[in-house]
Every structure is written in C-alpha cells, then in structure tokens.
Amino acid sequence: MCLGTNIEPISPVIIGFAFQRKMNKIRLATYNILGGMKGTGIIEDFMNHFYLHVLKSAKRIKARTRPFKELSPFISKTKADILCLNEVFHTLHKTELVKELRKMGYKTIAFGRSLQHKPPIDFSTVIATKYFAERIPINFPQIAKAGGGGGICAVYIPKKNLTVVGLHLALQK
C-alpha cells in the first residue's frame, strides 16, 4: 500500500486493491493480483483461495489463472513508473511477466519469493521500474505457511535517490 497524501484509488479489474500516487513526477502503482486468477466475485475469490491454500492444487490453479498479457492493459493504463505486484505465481508466470513488463518499458524487474508455497504455486512480490535500479538484498522474517508472509524485495533507483521496498505483509495473530 502507498501511504501519504494525494492517493488516488484506481478501479481494480483484478482481485485485490490498486492505488497510485504521484510522487515528485514518479507514478507508483501497487496491486495484489492473487496470481492473476480469474473471477472478481466472492464465490470465485473463495474458490481461488480454497484451491491455493487447502487443496494446493497446481493443476486447478493453473486452469484458473489468466495469461499475464490479459492484465497488461490494466497496468499500462496506470502509466506507473514503478510497479509493485504481490502474489505473482513465480514459477508459473515469471517468464511471461518479464516479457510483458519489458514490452511496457520496465527496465528493472526484481522478484522476492515467499516461503508460503512450493513450486509451481510459489508466490513472489515483484517490483518493476522504468528506471535503472539496483536490487537490494533484504531479509524479512517469513514462515512457510499461510499467513507467513507473501514475499519481499527492494530496489534502489540512483537517478531518483529512491529506495523502493515491496512487502506483502501477513499477520500471525
């Protein structure tokens, strides 16, 4: 989530929340995409979580995810210079995601894997920037179970003297 003043909500096309903020001529957008899984209603959302967290069925999850290129128009519409995506299926989508983000002009793409699930349904937090950025090693306590954290990554953008941290939080209690 982006904190501060002047936050403008964007109507989400995908499950999750989207916010963008104009920061000193930098546009930032962050989304929880739930792996790009299909559906926007409560029943579809429940089923997606059931297949992911209870059945842990890679076959059903793969059948329920949409190609990342279907999400690309929504992301392009934000005109974000910096993009943070949470709950990206790392093994299932990394190659396609990088290809689509490169087409949109993102130069640096950093992944921070979650310990919550094992491949092929493993999650990542992703930061993509239209600026050259350096990946910053970052460690944050995560537990390999539901609610244990959804990934973290960080980059430093020298041109803007800006550090960006993408973190999918989870609460144990």
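Modeller: Of the 173 residues of the protein, 46% count as buried, where buried means under 20% relative accessible area, exposed means over 50%, and partly exposed lies in between (1.4 Å probe, protein chains only). The model is a predicted one, in which local features need pLDDT of at least 70 and side-chain atom pairs count only at pLDDT 80 or more, while totals for chains, interfaces and linings use all residues. Residues are numbered from 1 along each chain as its sequence is written, and side-chain values use heavy atoms, with hydrogens and water left out.

The protein has four helices and nine strands. Both are DSSP runs numbered from the N terminus: helices are H or I with at least four residues, strands are E with at least two. Starting at the N terminus, the order is β-β-β-α-α-α-β-α-β-β-β-β-β.

Now to the pairs. Side chains of opposite charge can pair when their charged atoms come close. The term salt bridge is used when a side-chain nitrogen of Lys or Arg is within 4 Å of a carboxyl oxygen of Asp or Glu. By this rule there are two salt bridges.

One joins K103 to E100, at 3.2 Å from N to O. The two residues are three apart in helix 4 (residues 90-103), so about one helical turn separates them. K103 is exposed, with a relative accessible area of 60%, whereas E100 is buried at 10%. E100 is also touched by S72, which touches M104 as well, not counting residues up to four places away in sequence; contact here means heavy atoms within 4.5 Å. S72 sits in helix 3 (residues 72-78) and counts as buried at 7% relative accessibility.

The other salt bridge is between R113 and D122, whose closest N and O atoms are 2.2 Å apart. Here R113 is partly exposed at 41% relative accessibility, and D122 is buried at 1%.

Some lysines belong to a patch instead. K25, K107, K159 and K160 form a positive surface patch. Patch residues have over 30% relative accessible area and no salt bridge; like charges are joined within 9 Å, and nonpolar side chains (Val, Leu, Ile, Met, Phe, Trp, Tyr) within 5 Å. Lys and Arg count as positive and Asp and Glu as negative, with His and the chain ends not counted. Each charge is placed at NZ of Lys, CZ of Arg, CG of Asp or CD of Glu.

K79, in the loop between helix 3 and strand 4 (82-89), has phi near 55°, a positive value in a residue other than glycine. K79 is exposed, at 59% relative accessibility. E87 lies in strand 4 and has a positive phi of about 60°, although E87 is not a glycine. E87 is buried, with a relative accessible area of 12%.

V126 is in strand 6 (residues 123-129) and is buried, with a relative accessible area of 1%. Neighbours within four places in sequence aside, its contacts include L83, L97, F111 and C153.

Definitions and conventions:
Accessible areas come from the Shrake-Rupley method with a 1.4 Å probe; for residues, only the protein chains shown count as cover.
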